[in-house]
Amino acid sequence: MSFLTEYFDITDDKTEVPVCCPFPHYLESGYEYYEEHPSAHVNTLDNLFHCKVCGEAGNEVTMIQK
């Protein structure tokens with residue numbers, strides 16, 4: 001088990017798993033919101049995270065740091 005699979009409660013054996021980004025997103029108006037629908041994914045083979053909306057990405061260490 002890796003930090004990412006535990007944090008996102010991933011139980012699938014898939015390599016790419018869609019998840020909701022844990023980081024805030026911002027509208028042009030400055031309004032902050034958190035996702036309700038997945039726009040990020042976790043690569044369970046390489047233990048990498050990437051959000052297609054806010055652009056946050058990295059491995060387990062960089063995610064913990066953020």
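Before I start: I call a residue buried under 20% relative accessible area, exposed over 50%, and partly exposed in between. I also note that this is a predicted model.

**Entry 1: Tyr7 and Phe8**

I looked up Tyr7 first. Its relative accessible area is 46%, so Tyr7 goes down as partly exposed. Next I checked Phe8, which comes out at 16% relative accessibility and therefore counts as buried.

How many aromatic pairs does a search of the whole structure find? I got 4. One of them is Tyr7 with Phe8: the ring centres sit 4.9 Å apart and the planes stand at 85°, so I logged the pair as edge-to-face. The cut-off I needed for that call is a plane angle over 60 degrees.

I also wanted to know who else is involved. Ring pairs join Phe3, Tyr7, Phe8, Phe23 and Phe49 into a cluster.

**Entry 2: the sheet**

I traced the strands next. There is an open sheet of 4 strands, ordered β1-β4-β5-β6, and the pairing is antiparallel. Which strands are at the edges? They are β1 (16-19) and β6 (57-59), and each of these pairs on one side only.

I zoomed in on β1 and its partner. β1 pairs with β4 (residues 40-43) in the antiparallel sense, over 4 bridges.

Asp9 turned up with a phi of about 55°. Where is Asp9 found? I placed Asp9 in the loop between α1 (3-7) and β1. Buried or exposed? Asp9 has a relative accessible area of 61%, so I marked Asp9 as exposed.

Asn47 is another case: its phi is near 55°, again positive in a residue other than glycine. I found Asn47 in the loop between β4 and β5 (48-51). Asn47 has 24% relative accessibility, so I put Asn47 down as partly exposed.

Going back over my notes, I put the two loop residues side by side. Asp9 lies in the loop that leads from α1 to β1, and β1 is an edge strand of the sheet. Asn47 sits in the loop between β4 and β5, and those two strands are neighbours in the sheet order.

Technical notes: Residues are numbered from 1 along each chain as its sequence is written. This is a predicted model: local features need pLDDT of at least 70, side-chain atom pairs count only at pLDDT 80 or more; totals for chains, interfaces and linings use all residues. Side-chain values use heavy atoms; hydrogens and water are left out. Two strands pair if DSSP finds at least two bridges between them. Rings of Phe, Tyr and Trp (its six-membered ring) pair if their centres lie within 6.5 Å; planes under 30 degrees apart count as stacked, over 60 as edge-to-face and the rest as tilted. Buried means under 20% relative accessible area, exposed over 50%, partly exposed in between (1.4 Å probe, protein chains only).
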